[in-house]
Amino acid sequence: MGTNRNAGPSGKGPGRGISRRSLLIGGGAAVVGGGALAAEQIRRVWWRVPGVDKPREPGELDYAGARWIAASEANWRRADRPGDYDVDRVIIHVTQGSYASAVKVFQDPAHQAATHYIVGQDGGVTQMIRELDVAYHAGNRSFNERSVGIEHEGFVDRPQDFTTAMYESSARLTASICARYGIPVDREHIIGHVEVPGTDHTDPGPHWDWKRYMKLVRAASTGPSTGPSAASSGPS
């Protein structure tokens, strides 16, 4: 399960664009250190200018197959990914409890942790944090900023908790995330919580079938695209 806000070592994180201090915008030109700023860099830095907010709709989904239940705002940080932080990882978690208990703690401001998604044993997907934003789930600030976190209902020592419906649904979700951000479908970029530097967590544990899961993600990646939902949605 997600943990520790931004605790742990920062590691080698992705590029974070240009800082506000180094940005000079005037006369229709953007200059950094006397040189012209590339259009892509301008796009990345624009939403970081004070007083500028990217428009959002309450309950808007990033994954069309999900339903929306909002996590407490204490368990994530507002951002504009991938404009301000590149997204290059999907991190797999296990809840160590029921779906209902995971939703409850992610709505609790005292928990100070949550993932973007929860996948139930029945294959249902719930989104609790926008992919735009930084969820406190990895126990490592750099990995929080660069990743999308997915919880899976169950316990690490109970292989029967990892159902076919869960594997298949999660694989479609991960394939969709990878397609949106150009993330390679491999074990360097799709990792377990246990593989995050500095973490003390062991999930998804020894019974998570990585070979099976990655095969399903690859198959989903070559199938019909499951892109972001264009409409706002509440719980179904």
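A residue is called buried here when its relative accessible area is under 20%, exposed when it is over 50%, and partly exposed in between. By that rule, 47% of the 236 residues of this protein count as buried. The model is predicted. The protein contains 5 helices and 11 strands.

**The protein as a whole**

- The protein exposes about 10900 Å², and carbon and sulfur atoms supply 53% of that area.
- Among contacts with a separation of 6 or more, 77% are between residues 24 or more positions apart.

- Six strands form an open sheet in the order 4-8-7-10-6-11, and their pairing is mixed.
- Strand 4 (66–68) and strand 11 are the edge strands, since each pairs on one side only.
- On average, neighbouring strands of this sheet are turned by 30° against each other, with direction ignored.
- Strand 7 pairs with strand 8 (residues 125–127) in the antiparallel sense, over 3 bridges.
- Val 119 has Val 125 of strand 8 as its bridge partner.

- The buried residues Tyr 99, Ala 102, Val 103 and Phe 106 belong to helix 2.
- Seen down the axis of helix 2, its buried residues fall within an arc of 100°, so they line one face of the helix.
- Ala 100 and Lys 104 are exposed on the other side of helix 2.
- The cover over the buried residues of helix 2 includes strand 4, strand 7, strand 8 and strand 10.
- Helix 5 lies across strand 6 and strand 11, and runs at about 150° to strand 11.

**Two cis peptide bonds**

- Arg 81 and Pro 82 are joined by a cis peptide bond, with omega about 0°.
- Pro 82 sits in the loop between strand 5 (76–77) and strand 6 (89–92).
- Another cis peptide bond joins Asp 203 and Pro 204, with omega about 10°.
- Pro 204 sits in the loop between strand 11 (190–192) and helix 5 (210–221).

**Two residues with positive phi**

- Gln 96 is not a glycine, but its phi is positive, near 55°.
- Gln 96 belongs to the loop between strand 6 and helix 2 (99–106).
- The relative accessible area of Gln 96 is 41%, which lies between 20% and 50%, so this residue is partly exposed.
- Gln 112 is also not a glycine, and its phi is positive at about 60°.
- The loop that holds Gln 112 is the one between helix 2 and strand 7 (117–119).
- Gln 112 counts as partly exposed because its relative accessibility is 36%.

**Asp 161, a buried loop residue**

- Asp 161 is placed in the loop between strand 10 (147–152) and helix 4 (164–181).
- With a relative accessible area of 3%, under the 20% cut-off, Asp 161 is buried.
- The Asp 161 side chain reaches the backbone nitrogen of Phe 155 at 2.9 Å.
- Neighbours within four places in sequence aside, Asp 161 is in contact with Gln 121, Glu 153, Gly 154, Phe 155 and Met 166.

**Arg 187, a partly exposed loop residue**

- Arg 187 is found in the loop between helix 4 and strand 11.
- Arg 187 has a relative accessible area of 31%, so it is partly exposed.
- The side chain of Arg 187 reaches the backbone oxygen of Ile 190 at 2.8 Å.
- A polar contact of 3.1 Å links the side chain of Arg 187 to the side chain of Glu 195.
- Neighbours within four places in sequence aside, the residues in contact with Arg 187 are Gly 192, Glu 195, Trp 210 and Met 214.
- Arg 187 and Val 90 are 97 residues apart in sequence, while their C-alpha atoms are 9.7 Å apart in space.

Note on methods:
Residues are numbered from 1 along each chain as its sequence is written. This is a predicted model: local features need pLDDT of at least 70, side-chain atom pairs count only at pLDDT 80 or more; totals for chains, interfaces and linings use all residues. Side-chain values use heavy atoms; hydrogens and water are left out. Helices (H or I, at least four residues) and strands (E, at least two) are DSSP runs, numbered from the N terminus. Buried means under 20% relative accessible area, exposed over 50%, partly exposed in between (1.4 Å probe, protein chains only). A polar contact is a pair of N or O atoms within 3.5 Å; within protein, one must be able to donate a hydrogen and the other to accept it, and residues adjacent in sequence count only if both atoms are side-chain atoms. Contact means heavy atoms within 4.5 Å. Two strands pair if DSSP finds at least two bridges between them. Axes are lines fitted to C-alpha atoms, for helices over the stretch in contact, and angles run from 0 to 180 degrees between N-to-C directions. Accessible areas come from the Shrake-Rupley method with a 1.4 Å probe; for residues, only the protein chains shown count as cover. The arc is that of the directions from the helix axis to the C-beta atoms.
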